[in-house]
Amino acid sequence: MDNQKSNRTASIAAVAFFACVCIAGYIWILSVICPAETAAAFHQSSSSPVVFSASSPAPSTAKVLKTEISSGQSAHARELVVVNQDNPVPSWYALNLTDAFGVKMDAEAAAAFTEMRTQASKDEVTLWISSAYRSNELQNKLFQQEVENFTKTCPTYAEAVASAEHSVAKPGYSEHETGLALDLNGVRSDFDSTPAFRWLSLHAQDYGFILRYPKNKEEITKIEYEPWHYRYVGIENAKAIKKSGLCLEEYAAQKTDTIH
Ligand SMILES: [Zn+2]
């Protein structure tokens, strides 16, 4: 009896030991194959902030998904961020700046512009950037200058501010502060009669750029027609926007409706 009992105890111990070895081995294999996922699985209570970029995979945890939906944004929110008179640069927006062509701009937009410029040049069209990323301080300076100009013709300061808002965005409300906007070939209202504008009208969407303030959308964008101002939204969005004839405000609203 004693022998049988000790044999059984030994068997149980052996099985338990084997099981432990298997579990440990499984965890080790997991950590070798996918260290990030394994680390995440063992640190789910971590509250460190999560920063997304356009190239990040879609967030997978319920916690992150809730945060995203509550701010009304999809995984592609960064490319479609709407910054206008009513919507300041959102707090979740993370700048991703690089130096290119003598200015600072979004790194993805810079790569796309580089390709676009190369192709334009092959078609004997010159594209150059006159303004890209602007800091909040610079935007403030530009806005104050515009208000100053309008005080010469407007009867009150409040009217000067209101008038200035139609041509220069208030600090915090300019998409130049995202690094995704480019003013091309100088700020000139007759830019739309140049070969460069005609080339952009045909090809900008193939590189992810849209004409941000079209002539027939001033009521919605609340910005006067600007033939020189282009915005990077990614190739897929730019092609869809071009095809639909919508402006960014309309397109982004439609996208958000689809997501919900
Ligand atoms: Zn601009």
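The model is predicted: local features need pLDDT of at least 70, side-chain atom pairs count only at pLDDT 80 or more, and totals for chains, interfaces and linings use all residues. Residues are numbered from 1 along each chain as its sequence is written.

Select the strands E3, E4, E6 and E5; in that order, 4 strands form an open sheet with antiparallel pairing. Strands (E, at least two residues) and helices (H or I, at least four) are DSSP runs numbered from the N terminus, and two strands pair if DSSP finds at least two bridges between them. E3 (129–131) and E5 (209–211) are the edge strands; each has a single partner strand, so one side of each lacks a neighbour in the sheet. On average, neighbouring strands are turned by 45° against each other, direction ignored.

Go next to E4 (residues 181–184) and E6 (residues 229–232), antiparallel strands joined by 3 bridges. Here Leu182 stands opposite Tyr230 in E6.

Contact means C-beta atoms, placed from the backbone, within 7 Å; axes are lines fitted to C-alpha atoms, for helices over the stretch in contact, and angles run from 0 to 180 degrees between N-to-C directions.

Then select Glu124, in the loop between H4 and E3. Its phi is near 60°, a positive value in a residue other than glycine. Most residues other than glycine have a negative phi.

Finish at Lys222, in the loop between helix H8 (218–221) and E6, where phi is also near 60°.
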